[in-house]
Amino acid sequence: MLKKNYSYNVLNSILLMLTVVSCNTTGKPEWAESVAFQKFCGCVTPKEDKAGDHLGSLPEGSLDKMGTSEYLEKLYKGLRSDFEHTGTPFEEVGGSLVGKGVELKRIEDDEKRLRELLIVIDGDVAFPSGKSTLTPKAKELIAKVGDAMEAYPETNCRIGGHTDSVGAFSMNLKLSKERSQSVKLELKLIHRIVEARFKEVDGFADLHKIVDTMLAEKKNRRTEIYVGTVRIVY
(Lines give C-alpha, C1' and ligand atoms only; values in the text may rest on other atoms or scores of the structure.)
Protein backbone atom coordinates (compact mmCIF):
# COMPACT_ATOMS: atom_id res chain seq x y z
CA MET A 1 0.00 0.00 0.00
CA LEU A 2 2.88 2.36 0.83
CA LYS A 3 4.50 1.72 -2.55
CA LYS A 4 1.21 2.37 -4.32
CA ASN A 5 0.70 5.69 -2.49
CA TYR A 6 4.29 6.72 -3.26
CA SER A 7 3.80 6.09 -6.97
CA TYR A 8 0.54 8.03 -6.92
CA ASN A 9 2.19 11.02 -5.20
CA VAL A 10 5.07 11.01 -7.68
CA LEU A 11 2.63 11.01 -10.60
CA ASN A 12 0.71 13.93 -9.12
CA SER A 13 3.94 15.86 -8.62
CA ILE A 14 4.96 15.32 -12.24
CA LEU A 15 1.55 16.45 -13.51
CA LEU A 16 1.70 19.54 -11.28
CA MET A 17 5.13 20.50 -12.63
CA LEU A 18 3.97 20.02 -16.21
CA THR A 19 0.98 22.23 -15.51
CA VAL A 20 3.10 25.03 -14.06
CA VAL A 21 5.58 24.87 -16.93
CA SER A 22 2.92 24.84 -19.63
CA CYS A 23 0.94 27.70 -18.14
CA ASN A 24 3.85 30.03 -17.47
CA THR A 25 6.19 29.65 -20.43
CA THR A 26 6.16 30.76 -24.01
CA GLY A 27 6.70 28.37 -26.88
CA LYS A 28 4.57 25.68 -25.25
CA PRO A 29 4.89 22.12 -26.54
CA GLU A 30 2.12 20.90 -28.83
CA TRP A 31 0.57 18.65 -26.21
CA ALA A 32 0.17 21.62 -23.85
CA GLU A 33 -2.05 23.33 -26.42
CA SER A 34 -4.53 20.45 -26.60
CA VAL A 35 -8.09 20.97 -25.37
CA ALA A 36 -7.84 17.92 -23.12
CA PHE A 37 -4.73 19.25 -21.32
CA GLN A 38 -6.12 22.77 -21.05
CA LYS A 39 -9.24 21.41 -19.38
CA PHE A 40 -7.09 19.31 -17.04
CA CYS A 41 -4.77 22.09 -15.93
CA GLY A 42 -7.46 24.76 -15.81
CA CYS A 43 -5.11 27.37 -17.29
CA VAL A 44 -7.35 28.06 -20.27
CA THR A 45 -11.06 27.54 -20.60
CA PRO A 46 -11.58 26.52 -24.22
CA LYS A 47 -14.57 27.95 -26.07
CA GLU A 48 -17.33 25.37 -26.25
CA ASP A 49 -20.02 25.32 -28.91
CA LYS A 50 -23.51 26.19 -27.82
CA ALA A 51 -26.58 24.38 -29.13
CA GLY A 52 -27.89 27.67 -30.51
CA ASP A 53 -24.80 28.05 -32.69
CA HIS A 54 -26.01 25.07 -34.72
CA LEU A 55 -29.77 25.38 -34.30
CA GLY A 56 -29.99 29.06 -35.15
CA SER A 57 -33.07 31.15 -34.40
CA LEU A 58 -35.54 33.63 -35.87
CA PRO A 59 -37.25 36.53 -34.09
CA GLU A 60 -41.00 37.15 -34.02
CA GLY A 61 -42.16 38.66 -37.30
CA SER A 62 -39.76 36.66 -39.48
CA LEU A 63 -42.57 34.47 -40.83
CA ASP A 64 -44.30 37.41 -42.54
CA LYS A 65 -41.04 38.47 -44.18
CA MET A 66 -39.83 35.00 -45.20
CA GLY A 67 -42.96 32.97 -45.82
CA THR A 68 -43.69 29.48 -44.51
CA SER A 69 -41.36 27.51 -46.77
CA GLU A 70 -38.25 29.63 -46.22
CA TYR A 71 -38.94 29.87 -42.49
CA LEU A 72 -39.23 26.10 -42.16
CA GLU A 73 -36.19 25.49 -44.37
CA LYS A 74 -34.07 27.38 -41.87
CA LEU A 75 -35.61 25.42 -39.02
CA TYR A 76 -35.04 22.12 -40.84
CA LYS A 77 -31.37 22.84 -41.48
CA GLY A 78 -30.84 24.06 -37.92
CA LEU A 79 -32.57 21.08 -36.33
CA ARG A 80 -30.59 18.63 -38.45
CA SER A 81 -27.33 20.39 -37.57
CA ASP A 82 -28.20 20.43 -33.86
CA PHE A 83 -28.98 16.69 -33.83
CA GLU A 84 -25.81 15.80 -35.70
CA HIS A 85 -23.56 18.05 -33.63
CA THR A 86 -24.73 16.42 -30.40
CA GLY A 87 -24.12 12.84 -31.50
CA THR A 88 -27.11 11.81 -33.61
CA PRO A 89 -25.81 11.49 -37.17
CA PHE A 90 -28.40 10.98 -39.87
CA GLU A 91 -28.46 8.66 -42.84
CA GLU A 92 -30.67 9.40 -45.82
CA VAL A 93 -33.17 6.58 -46.29
CA GLY A 94 -36.05 6.87 -48.75
CA GLY A 95 -36.17 10.64 -48.61
CA SER A 96 -35.98 10.78 -44.80
CA LEU A 97 -33.13 11.38 -42.37
CA VAL A 98 -32.80 8.41 -40.05
CA GLY A 99 -30.75 8.46 -36.84
CA LYS A 100 -30.58 6.39 -33.69
CA GLY A 101 -34.10 6.33 -32.29
CA VAL A 102 -35.31 9.26 -34.36
CA GLU A 103 -36.31 10.15 -37.91
CA LEU A 104 -36.60 13.60 -39.50
CA LYS A 105 -38.90 14.00 -42.48
CA ARG A 106 -39.91 16.83 -44.78
CA ILE A 107 -43.62 17.26 -45.51
CA GLU A 108 -43.85 19.06 -48.84
CA ASP A 109 -46.60 20.27 -51.14
CA ASP A 110 -46.95 19.35 -54.83
CA GLU A 111 -44.38 21.99 -55.73
CA LYS A 112 -41.82 20.58 -53.27
CA ARG A 113 -42.20 23.52 -50.90
CA LEU A 114 -41.67 22.63 -47.25
CA ARG A 115 -44.91 22.80 -45.27
CA GLU A 116 -44.16 20.84 -42.07
CA LEU A 117 -41.38 18.93 -40.37
CA LEU A 118 -42.10 15.48 -38.97
CA ILE A 119 -40.00 14.11 -36.13
CA VAL A 120 -40.64 10.40 -35.53
CA ILE A 121 -39.39 8.97 -32.24
CA ASP A 122 -38.99 5.20 -31.98
CA GLY A 123 -41.56 3.88 -29.51
CA ASP A 124 -39.21 1.23 -28.16
CA VAL A 125 -36.62 3.94 -27.45
CA ALA A 126 -39.09 6.43 -25.99
CA PHE A 127 -41.09 4.27 -23.57
CA PRO A 128 -40.78 1.06 -21.55
CA SER A 129 -43.04 -1.66 -22.91
CA GLY A 130 -46.69 -1.01 -22.04
CA LYS A 131 -45.97 2.28 -20.23
CA SER A 132 -46.20 5.99 -20.96
CA THR A 133 -43.23 7.14 -18.86
CA LEU A 134 -40.58 8.81 -21.00
CA THR A 135 -37.12 7.29 -20.99
CA PRO A 136 -34.02 9.50 -20.55
CA LYS A 137 -33.29 9.00 -24.26
CA ALA A 138 -36.79 10.15 -25.17
CA LYS A 139 -36.35 13.31 -23.09
CA GLU A 140 -33.05 13.96 -24.86
CA LEU A 141 -34.71 13.68 -28.27
CA ILE A 142 -37.76 15.71 -27.27
CA ALA A 143 -35.42 18.39 -25.93
CA LYS A 144 -34.22 18.97 -29.49
CA VAL A 145 -37.79 19.65 -30.60
CA GLY A 146 -38.37 21.90 -27.59
CA ASP A 147 -35.19 23.88 -28.27
CA ALA A 148 -36.24 24.29 -31.90
CA MET A 149 -39.71 25.55 -30.99
CA GLU A 150 -38.20 28.02 -28.54
CA ALA A 151 -35.72 29.28 -31.15
CA TYR A 152 -38.42 29.53 -33.83
CA PRO A 153 -41.36 31.01 -31.90
CA GLU A 154 -43.77 31.19 -34.85
CA THR A 155 -44.18 27.42 -34.90
CA ASN A 156 -46.78 25.06 -33.54
CA CYS A 157 -46.95 21.27 -33.26
CA ARG A 158 -49.17 18.22 -33.48
CA ILE A 159 -48.37 15.09 -31.48
CA GLY A 160 -49.62 11.58 -32.23
CA GLY A 161 -49.01 8.32 -30.39
CA HIS A 162 -49.08 5.02 -32.29
CA THR A 163 -48.85 1.36 -31.26
CA ASP A 164 -48.67 -1.98 -33.02
CA SER A 165 -51.66 -4.36 -33.23
CA VAL A 166 -50.70 -6.75 -30.43
CA GLY A 167 -53.17 -6.74 -27.55
CA ALA A 168 -56.63 -5.24 -27.10
CA PHE A 169 -57.40 -2.19 -29.23
CA SER A 170 -58.94 -0.31 -26.29
CA MET A 171 -55.79 -0.74 -24.20
CA ASN A 172 -53.55 0.30 -27.09
CA LEU A 173 -55.68 3.36 -27.74
CA LYS A 174 -55.46 4.41 -24.11
CA LEU A 175 -51.69 3.84 -24.05
CA SER A 176 -51.10 5.79 -27.25
CA LYS A 177 -53.10 8.76 -25.93
CA GLU A 178 -51.19 8.72 -22.64
CA ARG A 179 -47.87 8.64 -24.49
CA SER A 180 -48.73 11.64 -26.63
CA GLN A 181 -49.73 13.52 -23.48
CA SER A 182 -46.38 12.62 -21.88
CA VAL A 183 -44.57 14.21 -24.82
CA LYS A 184 -46.74 17.33 -24.57
CA LEU A 185 -46.13 17.62 -20.84
CA GLU A 186 -42.38 17.38 -21.36
CA LEU A 187 -42.49 20.19 -23.92
CA LYS A 188 -44.69 22.35 -21.67
CA LEU A 189 -42.90 21.91 -18.36
CA ILE A 190 -39.28 21.73 -19.49
CA HIS A 191 -39.33 23.91 -22.60
CA ARG A 192 -42.16 26.32 -21.68
CA ILE A 193 -44.12 25.69 -24.87
CA VAL A 194 -47.49 27.33 -24.22
CA GLU A 195 -50.80 25.53 -24.64
CA ALA A 196 -51.86 27.50 -27.72
CA ARG A 197 -48.98 26.06 -29.74
CA PHE A 198 -50.29 22.49 -29.40
CA LYS A 199 -52.75 22.11 -32.25
CA GLU A 200 -53.48 18.41 -31.72
CA VAL A 201 -52.40 15.85 -29.12
CA ASP A 202 -53.93 12.42 -29.57
CA GLY A 203 -53.35 8.69 -29.71
CA PHE A 204 -54.40 6.39 -32.53
CA ALA A 205 -53.41 2.87 -31.42
CA ASP A 206 -52.80 0.93 -34.68
CA LEU A 207 -55.14 2.94 -36.91
CA HIS A 208 -52.26 4.48 -38.91
CA LYS A 209 -49.86 1.63 -39.54
CA ILE A 210 -46.62 2.04 -41.45
CA VAL A 211 -46.47 -1.71 -42.03
CA ASP A 212 -49.83 -3.41 -42.58
CA THR A 213 -49.58 -6.35 -40.22
CA MET A 214 -51.21 -7.66 -37.05
CA LEU A 215 -47.83 -8.76 -35.71
CA ALA A 216 -45.57 -6.91 -33.28
CA GLU A 217 -44.12 -4.55 -35.88
CA LYS A 218 -41.45 -2.19 -34.55
CA LYS A 219 -42.09 0.53 -37.14
CA ASN A 220 -45.71 0.88 -36.04
CA ARG A 221 -44.68 1.69 -32.45
CA ARG A 222 -43.79 5.37 -32.59
CA THR A 223 -44.54 8.93 -31.54
CA GLU A 224 -44.91 11.54 -34.27
CA ILE A 225 -44.34 15.26 -33.74
CA TYR A 226 -45.32 17.54 -36.62
CA VAL A 227 -43.83 21.02 -36.43
CA GLY A 228 -45.33 23.69 -38.65
CA THR A 229 -45.98 27.43 -38.52
CA VAL A 230 -48.72 29.48 -36.95
CA ARG A 231 -49.89 30.35 -40.44
CA ILE A 232 -52.50 28.04 -41.94
CA VAL A 233 -51.35 26.83 -45.36
CA TYR A 234 -54.01 25.91 -47.96
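**Questions on a predicted model**

Author: Gly123 is a residue of helix H6, which covers residues 123-126. The model is a predicted one.

Reader: Is Gly123 buried or exposed?
Author: Burial is assigned under 20% relative accessible area. The relative accessibility of Gly123 is 4%, and therefore Gly123 counts as buried.

Reader: Which residues does Gly123 touch, if those up to four places away in sequence are not counted?
Author: The count requires heavy atoms within 4.5 Å. With residues up to four places away left out, the residues touched by Gly123 are Arg221 and Arg222.

Reader: How far apart in space are Gly123 and Asp164, C-alpha to C-alpha?
Author: In sequence, 41 residues separate Gly123 and Asp164. In space, their C-alpha to C-alpha distance is 9.9 Å.

Reader: Where is Asn220 placed, and is Asn220 buried or exposed?
Author: Asn220 belongs to the loop between E6 and E7. Its relative accessibility is 0%, so Asn220 counts as buried.

Reader: Which backbone atoms does the side chain of Asn220 reach?
Author: One is a nitrogen, that of Ile210, at 2.7 Å from the side chain of Asn220. The other atom is the backbone oxygen of Val211, at 2.9 Å.

Reader: Which residues are in contact with Asn220, leaving aside neighbours within four places in sequence?
Author: Ile210 and Val211, whose backbone atoms were named above, are among the contacts of Asn220. With neighbours within four places left aside, the list also includes Lys209 and Thr213, as well as His162, Thr163 and Asp164.

Reader: What is the phi value of Ala205, and is Ala205 buried or exposed?
Author: Ala205 is in the loop between strand E6 (198-203) and strand E7 (222-229). Its phi is near 50°, a positive value in a residue other than glycine. The relative accessibility of Ala205 is 1%, so Ala205 counts as buried.

Reader: What are the corresponding values for Lys112?
Author: Lys112 is in the loop between strand E3 (102-108) and strand E4 (114-122). Its phi is also positive in a residue other than glycine, near 65°. The relative accessible area of Lys112 is 62%, and therefore Lys112 is exposed.

Reader: Where does Glu154 lie, and is Glu154 buried or exposed?
Author: The loop between H7 and strand E5 (155-162) contains Glu154. With a relative accessibility of 10%, Glu154 counts as buried.

Reader: Which backbone nitrogen lies 3.0 Å from a polar atom of the Glu154 side chain?
Author: Beyond four places in sequence, Glu154 has contacts that include Pro59, Glu60, Gly61, Ser62 and Leu63. Further contacts are made with Tyr71, Gly228, Thr229 and Val230. The backbone nitrogen at 3.0 Å is that of Gly61.

Reader: At what angle do the axes of H5 and H7 cross, and with which handedness?
Author: Helix H5 spans residues 68-85 and helix H7 spans residues 136-151; their axes come within 10 Å. The crossing angle is roughly 145°, and the crossing is right-handed.

Reader: How do the residues of the contact of H5 with H7 divide by class?
Author: H5 contributes Leu75, Leu79, Asp82 and Phe83, which meet Leu141, Lys144 and Ala148 of H7. By class, these residues are five nonpolar, no polar and two charged.

Reader: Why are H7 and H8 oblique to each other?
Author: Angles of 65 to 115 degrees count as roughly perpendicular and those under 35 as roughly parallel. The axes of H7 and helix H8 (residues 169-191) come within 10 Å and cross at roughly 60°. H7 and H8 are therefore oblique.

Reader: How many nonpolar, polar and charged residues are in the contact of H7 with H8?
Author: The crossing of H7 with H8 is right-handed. H7 takes part through Lys139, Ile142, Ala143, Val145, Gly146, Asp147 and Glu150, and H8 through Val183, Glu186, Leu187 and His191. The contact has five nonpolar, two polar and four charged residues.

Reader: What share of the residues of the protein counts as buried?
Author: The protein contains eight helices and seven strands. Of its 234 residues, the share that counts as buried is 41%.

Terms used
Residues numbered from 1 in each chain as written. Predicted model: local features only at pLDDT ≥ 70, side-chain atom pairs only at ≥ 80, totals over all residues. Heavy atoms only, no water. Axes fitted to C-alpha atoms, helices over the stretch in contact; angles between N-to-C directions. Helix = DSSP H or I, 4+ residues; strand = E, 2+ residues; numbered from the N terminus. Left-handed = near helix turned anticlockwise from the far one by under 90°. Nonpolar A, V, L, I, M, F, W, Y, C, P; charged D, E, K, R; others polar. Parallel < 35°, antiparallel > 145°, perpendicular 65-115°, else oblique. Buried < 20%, exposed > 50% of the residue type's maximum accessible area, 1.4 Å probe, protein only. Polar contact = N/O pair within 3.5 Å; in protein donor to acceptor, adjacent residues only side chain to side chain.
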